[in-house]
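This briefing looks at local backbone geometry, sheets, the nonpolar core, salt bridges and a surface patch in one structure. Please keep the sequence and the three-dimensional view at hand while reading.

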Amino acid sequence: MIVLKTTRELSLMKEACRISAGALRVAGEAVKPGVSTAEIDRIAYEYIISQGAEPNFLNLYGFPATACISVNDEVIHGIPSKERILKEGDIVSIDLGAKKHGFNGDNAATFACGKISAEAQRLIDVTRESLYEAIKVAVPGGKIGDIGSCVQRYCEERGFSVVREYTGHGVGKELHEDPAVPNYGTAGRGVRLLPGMTIAIEPMINQGTKAIRRLSDGWTVKTADGKLSAHFENTVAITKDGPVILTKE
């Protein structure tokens, strides 16, 4: 069931999203050679708590951390670890969120660790750009397929592939709500976008094949060919005046 938010509910949700954006910022600033992914997770946790919110990923479905931190060929759901030490040239995807006033925020970004290759930078840039191109078409009266079609076309035209098994989603009182928001599809198809809808749009884009594999830890998802992957996400409100990015500080 898709839940439309009132103006008051959107204002409450905006606070959770603001905190989510701040947590992502401080986590990204900590991405440096020699830093462990567990340290980045600790920084994100302490920021969220300091804002009077709670980390909504922690213990969700059994996930053991505040942030999913995925390095290089890890697509999503990487588990932070004291043993995972970042090195120069890594790319690091951080996905996290906060809950406050009963509402959730959710956002993600991929960060460069020191100096990275031109190919890695291009993957990051295209993935980020595809998110903002997709947000532009998230307008009242449009369809969910418009969003996925936009991401798919933008990335595939530039030589990258789109993960199929994981999608964006509705966000609200629950972190994961209806509708699913795929990063591929056909424009003009799917659920109609209405004012009051709040959705997480999150392209997960691979350098090589779109095929993925899940590790034995039950969480970490990697590219099947070992090539790089990037991930960006914003929580977006559909309003009568167009899309509004809620995950901004």
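Tyr-61 is found in the loop between strand 1 and strand 2, where strands (E, at least two residues) and helices (H or I, at least four residues) are DSSP runs numbered from the N terminus. The model is a predicted one, in which local features need pLDDT of at least 70 and side-chain atom pairs count only at pLDDT 80 or more, while totals for chains, interfaces and linings use all residues. Residues are numbered from 1 along each chain as its sequence is written, and side-chain values use heavy atoms, with hydrogens and water left out.

**Backbone geometry**

- Tyr-61, although not a glycine, has a positive phi of about 55°, and at 59% relative accessibility Tyr-61 counts as exposed; here buried means under 20% relative accessible area, exposed means over 50%, and partly exposed is in between, with a 1.4 Å probe and protein chains only.
- His-101, another residue other than glycine, has a positive phi near 55°; His-101 is found in the loop between strand 5 and strand 6 and, at 48% relative accessibility, counts as partly exposed.
- Asp-178 and Pro-179 are joined by a cis peptide bond with omega of about 0°, and Pro-179 has its place in strand 10.
- As background to these entries, most residues other than glycine have a negative phi, and most peptide bonds are trans.

**Sheets and hairpin**

- Three strands form an open sheet in the order 1-5-6 with antiparallel pairing, two strands being counted as paired if DSSP finds at least two bridges between them.
- Strand 1 (54-55) and strand 6 (103-104) stand at the edges of that sheet, and each has a single partner strand, so one side of each is left without a neighbour in the sheet.
- Strand 1 pairs with strand 5 (residues 98-100) in the antiparallel sense over two bridges, and Glu-54 stands opposite Lys-99 in strand 5.
- An open sheet of three strands also has the order 3-14-13, again with antiparallel pairing; strand 3 (74-76) and strand 13 (212-214) are at its edges, each with a single partner strand, so one side of each is left without a neighbour in the sheet.
- Strand 3 and strand 14 (residues 221-223) are paired in the antiparallel sense over two bridges, and Lys-222 in strand 14 is the bridge partner of Glu-74.
- Strand 16 (residues 234-239) and strand 17 (residues 242-245) run antiparallel and are joined by four bridges; they form a hairpin with two residues between them, and Val-236 stands opposite Ile-245 in strand 17.

**Nonpolar core**

- The largest nonpolar core has 53 residues, and those with the most contacts inside it are Ile-40, Val-92, Ile-94, Leu-96, Ile-147 and Ile-201; such a core is a set of buried Ala, Val, Leu, Ile, Met, Phe, Trp, Tyr and Cys residues joined through side-chain atoms within 4.5 Å.
- Elements that each supply at least two residues of this core include helix 1 (7-29), helix 2 (37-50), strand 4 (91-96) and helix 4 (144-156), whereas the largest share, seven residues, comes from helix 3.

**Salt bridges**

- The count comes to 15 salt bridges, each being a side-chain nitrogen of Lys or Arg within 4 Å of a carboxyl oxygen of Asp or Glu.
- Glu-15 forms a salt bridge with Arg-18, the closest N and O atoms being 2.9 Å apart; the two are three residues apart in helix 1 and are therefore separated by about one helical turn.
- Glu-15, Arg-18 and Lys-100 are linked in a network of salt bridges.
- The side chains of Glu-249 and Arg-25 meet in a salt bridge (2.4 Å, N to O); because Glu-249 lies in the segment after strand 17 and Arg-25 in helix 1, the pair ties together parts that are 224 residues apart in sequence.
- Glu-156 and Arg-164 form a salt bridge whose closest N and O atoms are 3.9 Å apart; Glu-156 counts as partly exposed at 38% relative accessibility, as does Arg-164 at 24%.

**Surface patch**

- Ile-2, Leu-4, Val-191 and Leu-194 make a nonpolar surface patch of about 280 Å²; patches are made of residues with over 30% relative accessible area and no salt bridge, like charges being joined within 9 Å and nonpolar side chains (Val, Leu, Ile, Met, Phe, Trp, Tyr) within 5 Å.
- Accessible areas come from the Shrake-Rupley method with a 1.4 Å probe, and for residues only the protein chains shown count as cover.
- Leu-194 is found in the loop between strand 10 (177-181) and strand 11 (198-201) and counts as partly exposed at 38% relative accessibility.
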